[in-house]
Amino acid sequence: MADKDIPIRVTTRARSTQIVGEQEGVVVIKLRAAPVNGEANYALLKFLAKQLGVAQRNVYIVRGSRSHNKWLRVYGMSAKEVRDALLR
C-alpha cells in the first residue's frame, strides 16, 4: 500500500462508535452500525471525516470494503498525520 494508506480494523454492532486504540500498527475502531448494505462503511467514513475535520468525500476505503480489515486513504493528509490525529 502507498505511504498515504492507513490500516484500520473495524468491529461492527458495538455499543457505541469509538476509536479503541492501536494494535500491532493497526488503528482499531468500534462502530455501532451493522455491516448490512454498506451501512458500516458509510458510518466509518462519516465518523473518520468528523474526527479528522475533513470533508467526507476526502476519506476513501482503498481496500477491504467487505472485510473488518480495511486500508483507508485521506486525501490531503499523510498516514502518519491521520494516525496521530485519530490516536491523540
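What volume does the largest pocket have? The largest pocket has a volume of about 200 Å³, and we will come back to it below. The model is predicted: local features need pLDDT of at least 70, side-chain atom pairs count only at pLDDT 80 or more, and totals for chains, interfaces and linings use all residues. Residues are numbered from 1 along each chain as its sequence is written, and side-chain values use heavy atoms, leaving out hydrogens and water.

**The sheet**

- Five strands make an open sheet with mixed pairing, in the order β2-β3-β1-β5-β4. Strands (E, at least two residues) and helices (H or I, at least four) are DSSP runs numbered from the N terminus, and two strands pair if DSSP finds at least two bridges between them.
- β2 (18-23) and β4 are at the edges with a single partner strand each, so one side of each has no neighbour in the sheet.
- On average, neighbouring strands of this sheet are turned by 40° against each other, direction ignored.

**Strand partners**

- β1 (residues 5-11) and β3 (residues 26-30) pair in the parallel sense over four bridges, and here arginine 9 has valine 28 in β3 as its bridge partner.
- β1 also runs antiparallel to β5 (residues 69-74), joined by five bridges; isoleucine 8 is partnered with lysine 70 in β5.
- β4 (residues 59-63) pairs with β5 over four bridges in the antiparallel sense, with arginine 63 opposite tryptophan 71.
- Five residues lie between β4 and β5 in their hairpin, and glycine 64 in the turn has a positive phi of about 95°.

**The two helices**

- The axes of α1 (residues 39-52) and α2 (residues 79-87) come within 10 Å and cross at roughly 85°. Axes are lines fitted to C-alpha atoms, for helices over the stretch in contact, and angles run from 0 to 180 degrees between N-to-C directions.
- α1 and α2 are therefore roughly perpendicular to each other (the term covers 65 to 115 degrees).
- Leu48, Gln51 and Leu52 in α1 meet Val82, Ala85 and Leu86 in α2, where contact means heavy atoms within 4.5 Å.

**The largest pocket**

- A pocket is an open set of points on a 1 Å grid over the protein atoms alone, where a 1.4 Å probe fits, with protein on both sides within 12 Å along at least five of seven lines; lining residues have an atom within 4 Å of a point.
- The largest pocket is lined by 13 residues, and the closest to its centre are Pro35, Asn41, Ser65, Arg66 and Lys70.

Notes. Parallel < 35°, antiparallel > 145°, perpendicular 65-115°, else oblique. Points joined across faces, edges and corners; volume = space filled by probe spheres on them.
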